[in-house]
Amino acid sequence: MTTTIDRPNLLADPTSHTGATVEFRALRRSFGSVQALAGLDLTVGRGELVALLGPSGCGKTTALRVVAGFEQPDEGEVLVDGEDITRVPAHRRDAGMVFQSYSLFPHLSALDNVAFGLRMRGVGRAERRSRAGELLDLVGLPDKADRYPHQLSGGQQQRIALARALALRPRVLLLDEPLSALDARVRLTLRDEIRRLQQELGITTLFVTHDQEEALSMADRVAVMNAGRLEQCAPPAELYARPATAFVAEFVGVMSRIPAHADGAVVHVLGRTLPIDGAATHGDVDVLVRPESVEVAAAKDGKAQILGAAFLGAITRLTVRTADGSTVKVDVPSHTATALPLGSRAELTLPDRPVLVAPRK
Ligand SMILES: Nc1ncnc2c1ncn2[C@@H]1O[C@H](COP(=O)(O)OP(=O)(O)OP(=O)(O)O)[C@@H](O)[C@H]1O
Ligand SMILES: [Mg+2]
């Protein structure tokens, strides 16, 4: 974490930037027959960045809107620092929100956009302008104070929106896909920037994204939601290596299914008997495998066949058909991929390690 950056005034009141804890308790919210939140439980620690990940329509935006106070739950509570704020009106909450689409006021300059919330709170003109100026510095746009939104690029507009959300020194920052409208390069830069700012200011942050890589690379923990509920919330490496449910296993990263037969604590798969990572079970199951944990070798009489290859830089991801007709993704170093041309026969092997299993699909 960087501590040497000279931003005296913004950080002058350290207590104002201490992040709060946020707790969702059994939140429910329906729109007609659609259950947007179906009993959401999640606790976010002080100063933590939690990424909310999940399929479209699983309730991510609704969850953020409930924290911001733009949406009332039908049941359940939201606690900030242990205090139930479920019925507190939005303008009295200590949360700043940045939306997916640029939501700047088109008729206000960048500086006035950032200062807007301060004006609403009755902060005097001079202080407002000085604080907004500091925030423009913070997001790297000190020279854009007088520009109007239409004179700014998408990335610049999102920076301004971030500065506006930070202007009120919120203890909770809510980011709803703030980078999704930006091109890949700007996105990467802003990703690093948001993370650095968030850590520097110690703001508790809920970050909604569709982009798994974004979630896994930025977050302290990733919360995977499905149909209005939490499936699992864990640090990125744990989520990837030890998914709690088949849904998480298949939603995060690439996962292939290989039909297999379970026999208590072990499973028979691809001609081997491997221990099951998880509860013992019996009968027909699927073994879940990551592309990097399957081995493939060219074999003239092999039972598997190479169906496709995608060059991804250092590695090439092969699509391989097994003897029983399922397809498995397998990563190989790109310099070895020529030994496994399309249509050729191969042998697939799973290393001698415990494997994840899921009910047969
Ligand atoms: N104001 C509303 N009126 C009616 N239905 C709504 C409203 N807001 C959300 N919904 C519905 O609730 C569900 C959850 O919506 P939400 O916006 O929270 O999903 P999301 O996870 O943010 O999806 P996306 O990734 O597409 O942004 C969806 O089925 C949506 O259509
Ligand atoms: Mg959304």
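I took helices (H or I, at least four residues) and strands (E, at least two) as DSSP runs, numbered from the N terminus. On that basis I find eight helices and 20 strands in the chain.

**Ground rules.** I am working on a predicted model, where local features need pLDDT of at least 70, side-chain atom pairs count only at pLDDT 80 or more, and totals for chains, interfaces and linings use all residues. Residues are numbered from 1 along each chain as its sequence is written, chains are lettered from A and ligands numbered from 1 in the order in which they are written, and side-chain values use heavy atoms, with hydrogens and water left out.

**Whole chain.** I looked up the span first. Along its principal axes the C-alpha trace covers about 80 × 45 × 40 Å. Next came burial (buried means under 20% relative accessible area, exposed over 50%, partly exposed in between; 1.4 Å probe, protein chains only). Of the 361 residues, 49% are buried. The chain exposes about 16600 Å², and carbon and sulfur atoms supply 52% of that area. I note that accessible areas come from the Shrake-Rupley method with a 1.4 Å probe, and that for residues only the protein chains shown count as cover. Then I checked contacts (heavy atoms within 4.5 Å). Among those with a separation of 6 or more, 66% join residues 24 or more positions apart.

**Ligand 1.** I listed the residues near the ligand (one heavy atom within 4 Å of it). There are 13 around ligand 1, and Ser-56, Gly-57, Lys-60, Thr-61 and Thr-62 come nearest. I sorted the shell by type: Ala, Val, Leu, Ile, Met, Phe, Trp, Tyr, Cys and Pro count as nonpolar, Asp, Glu, Lys and Arg as charged, and the others, Gly among them, as polar. The shell has five nonpolar, six polar and two charged residues. Helix 1 gives the most, with three residues.

I then looked for polar contacts (N or O atom pairs within 3.5 Å; within protein, one must be able to donate a hydrogen and the other to accept it, and residues adjacent in sequence count only if both atoms are side-chain atoms). A polar side-chain atom of Ser-56 is 2.5 Å from a ligand 1 oxygen. For Lys-60, a polar side-chain atom is 2.7 Å from a ligand oxygen. Gly-59 uses a backbone N or O atom, 3.0 Å from an oxygen of ligand 1. Taken alone, ligand 1 exposes 630 Å², and the protein buries 61% of that.

**Salt bridges.** I counted a side-chain nitrogen of Lys or Arg within 4 Å of a carboxyl oxygen of Asp or Glu. The whole structure has 29.

- Glu-77 meets Arg-25 at 3.9 Å, N to O. The pair links strand 4 (residues 75-80) to strand 1 (residues 22-31), 52 residues apart. Glu-77 is partly exposed at 30% relative accessibility, and Arg-25 is partly exposed at 36%.
- Arg-159 pairs with Glu-193, closest N and O atoms 3.0 Å apart. Here helix 4 (residues 154-167) is linked to helix 5 (residues 184-201), 34 residues apart. Arg-159 is buried at 15%, and Glu-193 is buried at 15%.
- Asp-331 meets Arg-317 at 2.7 Å, N to O. Strand 18 (residues 327-333) holds Asp-331 and strand 17 (residues 315-321) holds Arg-317, 14 residues apart. Asp-331 is buried at 16%, whereas Arg-317 is partly exposed at 22%.

Last, I noted a network of salt bridges linking Glu-250, Arg-257, Asp-284, Asp-286, Arg-360 and Lys-361.
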